[in-house]
Each structure stands twice: as structure tokens, then as C-alpha cells.
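Thanks for coming. I have one chain to go through today, so please look at the sequence and the model while I talk.

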Amino acid sequence: ESTLAAAAAQSGRYFGTAIASGRLGDPSYTTIAGREFNSVTAENEMKIDATEPRRGQFDFAAGDRVLNWAVRNGKQVRGHTLAWHSQQPGWMQSLSGGPLRQAMIDHIKGVMTHYKGKIAQWDVVNEAFADGSSGARRDSNLQRTGNDWIEVAFRTARAADPAAKLCYNDYNVENWTWAKTQAMYAMVRDFKQRGVPIDCVGFQAHFNNDSPYNSNFRTTLRNFAALGVDVAITELDVQGAPATTYANVTNDCLAVSRCLGITVWGVRDTDSWRPEHTPLLFNGDGSKKPAYTAVLNAL
Ligand code: XIL
């Protein structure tokens, strides 16, 4: 096959990218994105600060630009993200307790109702666990509303759009030996045992010198899938973009039947949130990097 999307489709998977609405006027960007990918994640446009800048007043202008581009170009959409400690609007940052819990519920309902039926997977909750060896939840205003905030978010999400797959998404959870991975695993196992509606786990896969790729990622994907959830690689980028690492990650997903697909976190290195890492599959001039060929050949 000659594109990432077509190659991934051979095994029923997708190959996606993050899209920034502000770049949709750049023909080099849209040419590559339109050709190579068949799944789209809005890089920032469906986050809380973008979609509910004032309490109860939703703004879907930028999110709709990304969604409409994706639909016009025949791509599925991953929704990102509904409940997160980061990129909260000021009004939400200053809430706590019951009012914050209610605001979270209202936000999930408002956004998911607008996009109902159009989103393949939603990252309902993002980055709720702490880094390091504690295995604890991350401290945040949402966490301080009570440990059950995550399951409340998932139950609210299921009711709002029953057709969307509901994902929990996090980073530094690719290495099976890490405490954060084990904590996330225990939560998902508990949710499945108690019937909390969760369908998928997203592994961001931002690999760098501090959290490098480890070959036990495949074990992690397998163990989560064995709990009865789908898995997805949701924000892949790799510092320096070594072709071997990109091939390994691709092969890890292909080895797990419940791995739905791979999303890279941007198109060209110059589009990356970490451009100094040159972590993506295309150079700034739009040319394909060795990592691109490695992924294409692995798919
Ligand atoms: C990043 C975006 O790429 C940046 O443009 C923005 O300034 C900050 O957020 N984990 C996530 C993503 O879930 O939403 C983050 O995206 C990267 C880390």
C-alpha cells in the first residue's frame, strides 16, 4: 500500500493524526494529512477551555472546523478530551466540590450532545494518575471532588452518546513495570468488574529520553485487552523519530487484535508540540522521514 491509512486498513485498523484547526489553510499540511491519515484528533479544539470558555456557553466553532474537515475528507474522529486537570477554562479552575462535579457532568453532556453520533472514540478522562512510584491519582480539582469522579464521567458519557467508544487516556503507562501503568490497570479491571462503562484505553505514547519506548509495551497492550477493553495508541511521537522505534510500536499494535489503531501527534516536525524533538513522520518541508517508511513497511 502507498499510504499509512491504506496500509493500516489492510488489518482493519486506522492510522490517525492530530489536526490543528489553525493549519487547515496550509495546503502542504492538508495535502499530507488528507492523503496519509484516516482518523483525526483535534489537537486542542475539543478541550474544555475551547468548548466551554464561559460556564454554560459552549463554543464549537474551532472543534467543528476540525470535525468538518475530517468528515469532508472521509476520516473518523477521536474526541479529545472531556475531563482533564489541564486546559480548563478559568471559571472551572476556580470551582471545587459539588459545583465542580456538576460542571464536569454538564460539560460532558453539552459537548457529547453536540457531537452525538459523529465521534468514534471519546477520551472521556485524560491523565488522572500521578507520575512516579506512588500509583496514586494525580491531585487536581477534579480528584478532590471525590475518587469516583472518573466513573461518574464515564456513566455520564455513556448516556450522552451511546454509540461512541469511551476511552481512558494517559501517558507514561506504556511500560508494564511502571507503577502508573499498574494503577491504571487496577482501575480498568475494577471498572469492568463493577460494570462502569469503559470501552477502550488510550496510550499516548509520547516517547522521549526520560520515558523511552520499552519492548514490554506489547505486554501492556495485551494485558489491558485481556480485561475486555480495546486499546489504541493515541498521541504517538518519539524524540528523534528513530525508525526502529516507530516500527516496533507499529508491530506492537498489530500484534494485539484489540488494538484499534495508531494516532501520531501531528503531521510534520514543525507542527509538533515538541518541535525540538523532531518526533514525527514528516519533515517540515513535507518530505517523508525514515520513520515514515518504517511504519509503512511494518503495517
Ligand atoms: C498538547 C497540544 O499538542 C499543545 O498544542 C497544547 O499547547 C498542550 O496540549 N497530552 C494530551 C494532549 O493529552 O492533549 C496534549 O496536547 C499533549 C499531552
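I start with K109, which sits in helix α6, residues 97-114. Helices here are DSSP runs of H or I with at least four residues, strands are runs of E with at least two, and both are numbered from the N terminus. Before going on, the provenance: this is a predicted model, where local features need pLDDT of at least 70, side-chain atom pairs count only at pLDDT 80 or more, and totals for chains, interfaces and linings use all residues. Residues are numbered from 1 along each chain as its sequence is written, and side-chain values use heavy atoms, with hydrogens and water left out.

Back to K109. Its relative accessible area is 45%, so K109 is partly exposed; buried means under 20%, exposed over 50%, and partly exposed in between, with a 1.4 Å probe and protein chains only. Leaving aside residues up to four places away in sequence, K109 touches T156 and A160, where contact means heavy atoms within 4.5 Å. For K109 and T156 the sequence separation is 47 residues, and the C-alpha to C-alpha distance is 6.9 Å.

Now the chain as a whole. It has 11 helices and 9 strands. With 299 residues, a compact globule would have a radius of gyration near 19 Å, and the chain has 18 Å, which agrees. That radius is taken over C-alpha atoms, and the globule rule is 2.2 Å times the number of residues to the power 0.38. The C-alpha trace spans about 50 × 40 × 35 Å along its principal axes. Of the 299 residues, 59% are buried. Take the contacts between residues at least 6 apart in sequence: 76% of them join residues at least 24 apart.

At what angle do α7 and α8 pack? The angle is about 50°, and the axes are 12 Å apart. The axes are lines fitted to C-alpha atoms, for helices over the stretch in contact, and the angles run from 0 to 180 degrees between N-to-C directions. The two helices, α7 and α8, are therefore oblique to each other. For the cut-offs, under 35 degrees is roughly parallel, over 145 roughly antiparallel, 65 to 115 roughly perpendicular, and the rest oblique. On the α7 side the contact residues are I150, E151, F154 and R155, and they meet M187, F191 and R194 in α8. By class that contact has 4 nonpolar, no polar and 3 charged residues. Here Ala, Val, Leu, Ile, Met, Phe, Trp, Tyr, Cys and Pro count as nonpolar, Asp, Glu, Lys and Arg as charged, and the others, Gly among them, as polar.

Helix α8 also packs on α9, residues 217-225: their axes come within 10 Å and cross at roughly 15°. That makes α8 roughly parallel to α9. From α8 the contact uses T181, M184, Y185 and V188, and from α9 it uses T220, N223 and F224. Its residues divide into 4 nonpolar, 3 polar and no charged.

Some backbone details come next. H80 and T81 are joined by a cis peptide bond, with omega about 0°, and T81 belongs to strand β3, residues 76-83. E127 is not a glycine, yet its phi is positive, near 60°. It lies in the loop between β4, residues 121-126, and α7. Is E127 buried or exposed? At 10% relative accessibility, E127 counts as buried. N172, also not a glycine, has a positive phi of about 55°. Its place is the loop between β5, residues 165-170, and α8, and at 15% relative accessible area N172 is buried.

Two residues remain. R35 is in helix α2, residues 27-36, and is partly exposed at 38% relative accessibility. Residues up to four places away aside, R35 touches T3, F282 and K288. E276 lies in the loop between β9, residues 259-264, and α11, residues 290-298; at a relative accessible area of 59%, E276 is exposed.
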